Amino acid sequence: MNNNIHWRVSPEVIEDALRKVLLRDTGNSRELAQLAEAMEYAVLGGGKRLRAQLVIEAAGAVCDLHKSTFVLEEYLPTACAIELIHAYSLVHDDLPSMDNSDMRRGRPSCHKKFGEAQAILAGDGLLNLAYEVLLQNAKSTFALQAAKVLSQAAGRIGMVGGQYEDICWSNTSNLQIDAAQLLEMQARKTGALIRAAVECGAILAEATNEQHQQLRQYGENLGKAFQLRDDVLDVEGDPALTGKESTDHANDKLTAPAMLGLEKTKILAQRACDDALANLADWGEAGKTLRQLAEFAVTRNK
Ligand code: GRG
């Protein structure tokens with residue numbers, strides 16, 4: 001993602017963990033082996049792993065504040081589960097009936113490589129695998145609470161609901177949507193999963209109520225900054241870096257730059273980043289990486 005970020009866990013550790021959870025015995029079935037291949041293709045070989053890192057860094061920040069030992073194995077399954085949900089959402093988002101994107105992470109999107117029906121099923125497989133991983137490792141009430149937060153954030157009041165609004169508001173004339181509604185939609189579509197990643201880390205590390213609330217607000221602001229920057233990158237980003245083509249204009253999408261202009265969008269993104277930093281005002285050295293991630297959200301080029 002960014003070499004200057006002070007990671008608790010190297011990106012390779014997350015890649016290895018994801019590779020392991022995707023390993024499944026497909027028996028003698030050529031078709032099941034192909035499904036496994038499509039699922040692996042969607043997850044591995046790209047991606048910033050922001051959501052996985054947020055689980056780990058939020059948990060690590062709480063451990064630092066509590067002066068308790070950070071045990072990676074307590075957080076890695078949830079970090080992987082979130083990346084699996086995120087990967088499924090990208091596969092489905094790229095489909096012809098959604099964003100119709102041919103490229104993702106610098107290579108053909110899953111449906112371009114494997115076919116449309118195959119990509120839909122690979123996405124379904126990833127979503128279910130995520131909950132399998134979560135439930136296999138849910139050995140405490142904290143783990144169950146985190147699983148509940150994640151399932152709500154990924155569902156109809158979160159990511160799927162936001163995507164539904166986004167689809168309904170595309171290619172529509174006479175839309176009566178204002179900026180507040182647009183930002184609420186983005187908070188569901190993109191922000192909910194990012195916020196949930198932070199909250200899961202907080203819950204699993206047994207944050208106090210006050211710490212949990214501060215991290216929750218930080219996650220909300222981070223998600224907002226991240227999506228506003230995504231809107232900016234869709235207009236002026238370099239596809240060689242973002243790994244995907246600009247699709248918002250072609251799809252007549254309601255985005256922040258389309259509604260408010262590019263400069264106002266950048267100002268709002270910076271404001272959300274500042275708010276996220278303010279949420280961590282009490283965290284001192286323990287919040288260092290989370291603060292770096294907030295800065296990254298608004299400066300990133302990919
Ligand atoms: C259920 C049919 C069906 C579809 C669901 C829920 C959904 C489709 C799509 C989710 C909406 C979505 C894809 C939002 C985009 C969020 C976003 C900014 C993605 C890019 O995240 P990065 O930059 O990606 O972290 P990498 O590749 O780095 O992991």
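In this chain, 77% of the contacts with a separation of 6 or more are between residues 24 or more positions apart. The model is a predicted one, and every figure below refers to that model.

The overall fold can be described next. The secondary structure consists of 14 helices and two strands. For the 302 residues of the chain, the globule rule gives 19 Å; the radius of gyration is also close to that, at 19 Å, so the chain is as compact as a globular protein of that length. Along the principal axes, the C-alpha atoms occupy a box of roughly 55 × 55 × 35 Å. Of the 302 residues, 51% are counted as buried.

The ligand comes next. Which residues are closest to the ligand? The shell around the ligand holds 19 residues, and the closest are Lys48, Arg51, His86, Arg105 and Gln163. By type, the shell divides into five nonpolar, seven polar and seven charged residues. Four helices each supply at least two residues of this shell: H4 (76–93), H8 (159–168), H9 (179–204) and H10 (209–236). Of the contributors, H4 gives the most, with six residues.

From a polar side-chain atom of Arg51 to an oxygen atom of the ligand, the distance is 2.7 Å. For His86, an N or O atom in the side chain is 2.7 Å from a ligand oxygen atom. Arg105 has a polar side-chain atom 2.8 Å from an oxygen atom of the ligand. On its own, the ligand has 750 Å² of accessible area, and the protein covers 87% of this.

Arg105 can also be described by its backbone. Its place is in the loop between strand S1 (103–104) and strand S2 (107–108). The phi angle of Arg105 is near 50 degrees, which is a positive value in a residue other than glycine. Arg105 has a relative accessible area of 22% and is partly exposed.

Lys67 is another residue with a positive phi, about 55 degrees, although it is not a glycine. Lys67 lies in the loop between helix H3 (50–66) and H4. Is Lys67 buried or exposed? At 77% relative accessibility, Lys67 counts as exposed, because the threshold for that class is over 50%.

Helix H4, which gives the most residues to the ligand shell, also contains Val91. Val91 has a relative accessible area of 6% and is buried, because buried means under 20%. Beyond residues up to four places away in sequence, Val91 touches Ala42, Cys110, Ala119 and Gly123. The C-alpha atom of Val91 is also 7.4 Å from that of Ile120, a residue 29 positions away along the chain.

Ala17 belongs to helix H1 (residues 11–22). With 10% relative accessibility, Ala17 is counted as buried. What does Ala17 contact, leaving aside its neighbours within four places in sequence? Its contacts are Leu76 and Cys80. Leu76 is 59 residues from Ala17 in sequence, yet the two C-alpha atoms are 7.4 Å apart.

Two partly exposed residues in other helices remain. Gln145 lies in helix H7 (residues 141–154) and has a relative accessible area of 40%. Its C-alpha atom is 8.5 Å from that of Leu204, which is 59 residues away in sequence. Asp230 is found in helix H10, one of the helices that supply at least two residues of the ligand shell. The relative accessible area of Asp230 is 21%, which makes the residue partly exposed. Asp230 is in contact with Lys244 and Arg300, its neighbours within four places in sequence being left aside. Between Asp230 and Thr190, the C-alpha distance is 9.9 Å, and the separation in sequence is 40 residues.

Notes:
Residues numbered from 1 in each chain as written. Predicted model: local features only at pLDDT ≥ 70, side-chain atom pairs only at ≥ 80, totals over all residues. Heavy atoms only, no water. Near = heavy atom within 4 Å. Polar contact = N/O pair within 3.5 Å; in protein donor to acceptor, adjacent residues only side chain to side chain. Areas by Shrake-Rupley, 256 points an atom, 1.4 Å probe, with all protein chains shown as cover. Nonpolar A, V, L, I, M, F, W, Y, C, P; charged D, E, K, R; others polar. Rg over C-alpha atoms; globule rule 2.2 N^0.38 Å. Buried < 20%, exposed > 50% of the residue type's maximum accessible area, 1.4 Å probe, protein only. Contact = heavy atoms within 4.5 Å.
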